[in-house]
Amino acid sequence: MTPFLITNTTLSSSSSSLYLSFLFLQNPKKPNCLTSHLTSHLNCSIQDNVSLSSLQQTLTLESKNEIERGLEFQTGDSFFRHESAIGRDLGVLAASLYKKSKGNLRILDAMCGCGIRSLRYLVQAEADFVWANDANEEYRGIIVSNFEKEVVRETEKGKRRWVVTHSDANRVMAECYLKEDFFDLIDIDSFGSNSTFFRSAYDCLKFDGLLYVTSTDGYSSGGHRPQHSLASYGAYVRPMPYSNEVGLRMLIGGAVRDASVLGYRVTPLFSYYSYHGPVFRVMLRVIRGKLPENKHYGFISYCNKCGNSQTFLWDQLGKICCHCGNEEDSHSTVVSGPLWTGPLHDTTYVTEMLNLAQQCRWAGTESNICMDLEKLLVTMIDESDPKLPFGYIKLDQVSKRAKISSPPLRIMMSALKKEGYAVSRSHIESNAIKTNCPMTMCTKIAKELQQL
Ligand SMILES: C[S@@+](CC[C@H](N)C(=O)[O-])C[C@H]1O[C@@H](n2cnc3c(N)ncnc32)[C@H](O)[C@@H]1O
């Protein structure tokens, strides 16, 4: 990394390589944006604390140029992960669809790091306005310089496109709520299992707005600290073989719980797990109304004896047992919850995201850092088949039970389909399947395949 000296001159300079990279990666007819129109700009009531004097300050930062989907930026010494690019892609695609359908897009990026996410929302999703906030004031120089290179701070009509602040995310949202300053999309890219942001985010989100939340708490989703998951998300989580899906369900369940206190209902548009971190990300749509009869918010059980899982609603508490008849061994069934037990993705929305990714040529761009976006979205669509239950079955679990070597994934999938079961890959585990076939039948089919 080379030291980067920020001066007045470097902040206002533009680079030709930047321009070329745009042309290469974006739609040539409409460089650098995903939506087809930018209709209106919103007035911004808040005070921007970006001051020219702070820009004119000369700062020495460790920095290097990065490019993500054609946008050039610098990270300085902010927290930045290349591996999170897919999570940012998904956010930008959802934001673009929102802008297309509603005509307006006002975003709060509550934990913006170096500002790449905000920048992508501004440029690629054509957000009318982005409020970029990060508690760390030392990132200011790098965030502002990234923005200044790409997006005017104010339109010719005097409407603000962006502001940068440095405050606690909850404080920003609480102040916005008090000023009745509402957002279409709030992105909270937090560390750990901090669910304290849900409540304040709901308060300053527009109805039918989007909330993009994150957890990086793999210990809790693995069932290794149930008291912690209970405190954060209201869910007592035990070890289960599909713990990374449980992590997504725990996050959505926590959001459902906090929303219902306010009389709101949230449903996931997509849910994404990435093993880097690990990171659990969910895009939620927030509407008025309660979840009907607590449908999709309940308990899941896993029987260690037979390997099958079930869901239980609240009125079935006390009656939880496995159909396999091994209940006499009280240790065989583990129960976690309450969690989100409904679909992880909205098929229609993810299909639209896929179409958009293909239009802007983001599909088919696998790298050694990130999974291919197209593959991911296609798998999410497959995973949303309503016939598929929650959880997934790792093929090494099947082989262990069947006492054979692991069957190839494709062959196992087509054998299950032939038997009339629903089956898909899982975006969470590469060597796992989602299926409505019971474990005992999976092991039987795997044994038969072995004998062919
Ligand atoms: C995961 S990083 C953000 C990365 C960034 N969103 C990206 O896509 O590159 C989390 C950021 O949250 C900031 N942060 C941590 N706690 C915060 C809080 N309570 N309020 C606001 N920002 C916070 C940290 O300074 C850090 O930059």
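Predicted model: local features only at pLDDT ≥ 70, side-chain atom pairs only at ≥ 80, totals over all residues.
Residues are numbered from 1 along each chain as its sequence is written. Strand 12 (residues 297–303) and strand 13 run antiparallel and are joined by 4 bridges; strands here are DSSP runs of E with at least two residues, helices are runs of H or I with at least four residues, and both are numbered from the N terminus.

The open sheet has 3 strands in the order 13-12-14, with antiparallel pairing, where two strands pair if DSSP finds at least two bridges between them. Strand 13 (309–312) and strand 14 (333–340) stand at the edges, and because each has a single partner strand, one side of each is left without a neighbour in the sheet. From one strand to the next, the twist averages 25°, with axes taken as lines fitted to C-alpha atoms, for helices over the stretch in contact, and angles running from 0 to 180 degrees between N-to-C directions.

## Helices 10 and 11

Helix 11 (residues 243–261) packs on the sheet, where it touches strand 12 and strand 14, and its direction makes about 45° with that of strand 14; contact between two residues requires their C-beta atoms, placed from the backbone, to lie within 7 Å. Helix 10 (residues 226–233) packs with helix 11 at an angle of about 35°, and their axes are 9 Å apart. Ser229, Ser232 and Tyr233 of helix 10 make this contact with Met250, Leu251, Gly253 and Gly254 of helix 11.

By class, the contact of helix 10 with helix 11 has 3 nonpolar, 4 polar and no charged residues, where Ala, Val, Leu, Ile, Met, Phe, Trp, Tyr, Cys and Pro count as nonpolar, Asp, Glu, Lys and Arg as charged, and the others, Gly among them, as polar.

## The ligand shell

The ligand is surrounded by 18 residues, of which the closest are Met111, Gly113, Ala135, Ala169 and Asp189; a residue is near a molecule if its C-beta atom, placed from the backbone, lies within 6 Å of it. The shell has 8 nonpolar, 5 polar and 5 charged residues.

## Met441 and the chain as a whole

Met441 lies in helix 16 (residues 439–451). Met441 counts as partly exposed because 15 other C-beta atoms lie within 10 Å, the limits being 20 or more for buried and 12 or fewer for exposed, with C-beta atoms placed from the backbone.

The protein chain has 16 helices and 17 strands, and of its 452 residues 45% count as buried.
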